[in-house]
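Have the viewer open as you read.

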Amino acid sequence: PSTDFYNLALQYPDLTFVGNMLSDIYVADYYVDGGKKYELTHNPQFFADMLDNAVGSATATIEEERACALGAGLHSVDYISHTVMVPYSIRHSGLPNEIIHVFAEQHLDNIVLKENPGVREKILDVTDESWNKCIPLLKRTLNGYNEFEIDLREGRTDDLISIFITQVRH
């Protein structure tokens, strides 16, 4: 059966993808301050906050921002991979998180790529316009958290977004 979220994902697949990916811009802070900024962008509350902040912008309609927020919600499933899959990999491999984490996630990525041939090319085809429709929502949402205040004010968030988009495309 169709749902509003299902229809959003069908109508705006690129925006859903971008919202999913932008949730990872603070992956660089995974080992900083106990990963607080990373954790804040990887949980169901962040998805709820993104939805609440999806009010439209100069670059995106409310529906387009809701698709971006949906992507963040789908990314919150990543929270499960970090609380179930990665710990399982650590326990069963005997390797520390710093080593096994990337391999555990890559294993899941490989399954997705095998099941969905051509998905990598679709990722590379996401336009600047799609990224620019989701970025204002992300920044508006981060602005509601004290932990991101300095990063937003000093431009670090913009720098992370720019670097992250470049990395995703290559």
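Predicted model: local features only at pLDDT ≥ 70, side-chain atom pairs only at ≥ 80, totals over all residues.

**The disulfide**

Let's start with the covalent link. The structure holds one disulfide, and the partners are Cys-68 and Cys-134, with 1.9 Å between their sulfur atoms. The torsion about the S-S bond is -75°, making the link of Cys-68 and Cys-134 left-handed. Cys-68 sits in helix H5 (residues 62–75) and Cys-134 in helix H9 (residues 128–142), so the bond ties together parts that are 66 residues apart in sequence. Is Cys-68 buried or exposed? Cys-68 is buried, at a relative accessible area of 0%. Cys-134 is buried too, at 1%.

**The nonpolar core**

Next, the greasy part. The largest nonpolar core counts 34 residues, and Leu-22, Ile-25, Trp-131 and Leu-142 have the most contacts inside it. Which helices each supply at least two residues of this core? They are H2, helix H4 (44–53), H5, H9 and H11. H9 gives the most, with six residues.

If you skip the neighbours within four places in sequence, Trp-131 is in contact with Phe-17, Val-18, Met-21, Leu-22, Val-126, Ile-165, Val-168 and Arg-169. For a sense of scale, Trp-131 and Leu-108 are 23 residues apart in sequence, and their C-alpha atoms are 24 Å apart in space.

Asp-14 belongs to helix H2 (residues 13–22) and is partly exposed, with a relative accessible area of 32%. Beyond its neighbours within four places in sequence, Asp-14 is in contact with Val-126 and Ser-130. Between the C-alpha atoms of Asp-14 and Gly-71 there are 9.4 Å, although 57 residues separate the two along the chain.

**A helix with two faces**

Now turn to helix H7 (residues 97–115). H7 has 19 residues and reaches 27 Å from its first C-alpha to its last, close to the 27 Å expected at 1.5 Å a residue. Which residues of H7 are buried? Asn-97, Ile-100, His-101 and Ala-104 are the buried ones. They cover an arc of only 120° around the axis, which means they share the same side of H7. The other side of H7 has Glu-98, Val-102, Phe-103 and Lys-114, which are exposed.

**Salt bridges**

Last, the charges. Side chains of opposite charge can pair when their charged atoms come close. The table shows some of them.

| Salt bridge | Closest N to O distance |
|---|---|
| Asp-29 and Arg-156 | 2.8 Å |
| Arg-156 and Asp-151 | 3.1 Å |

Asp-29 and Arg-156 form a salt bridge, their closest N and O atoms 2.8 Å apart. This pair links distant parts of the chain: Asp-29 is in the loop between H2 and helix H3 (36–40), while Arg-156 is in helix H11 (residues 156–169), 127 residues apart. Asp-29 counts as buried at 5% relative accessibility, whereas Arg-156 is partly exposed at 30%.

Arg-156 also pairs with Asp-151, at 3.1 Å between the closest N and O atoms. Asp-151 counts as buried, at 7% relative accessibility. Through shared partners, salt bridges join Asp-29, Lys-37, Asp-151 and Arg-156 into one network.

Arg-66 is partly exposed at 23% relative accessibility, and Glu-63 is partly exposed with a relative accessible area of 39%.

Key:
Residues numbered from 1 in each chain as written. Heavy atoms only, no water. Disulfide = S-S within 2.5 Å. Helix = DSSP H or I, 4+ residues; strand = E, 2+ residues; numbered from the N terminus. Buried < 20%, exposed > 50% of the residue type's maximum accessible area, 1.4 Å probe, protein only. Expected span 1.5 Å × (residues − 1). Arc of directions from axis to C-beta. Contact = heavy atoms within 4.5 Å. Salt bridge = Lys/Arg side-chain N within 4 Å of Asp/Glu carboxyl O. Core = buried A, V, L, I, M, F, W, Y, C linked by side-chain atoms within 4.5 Å.
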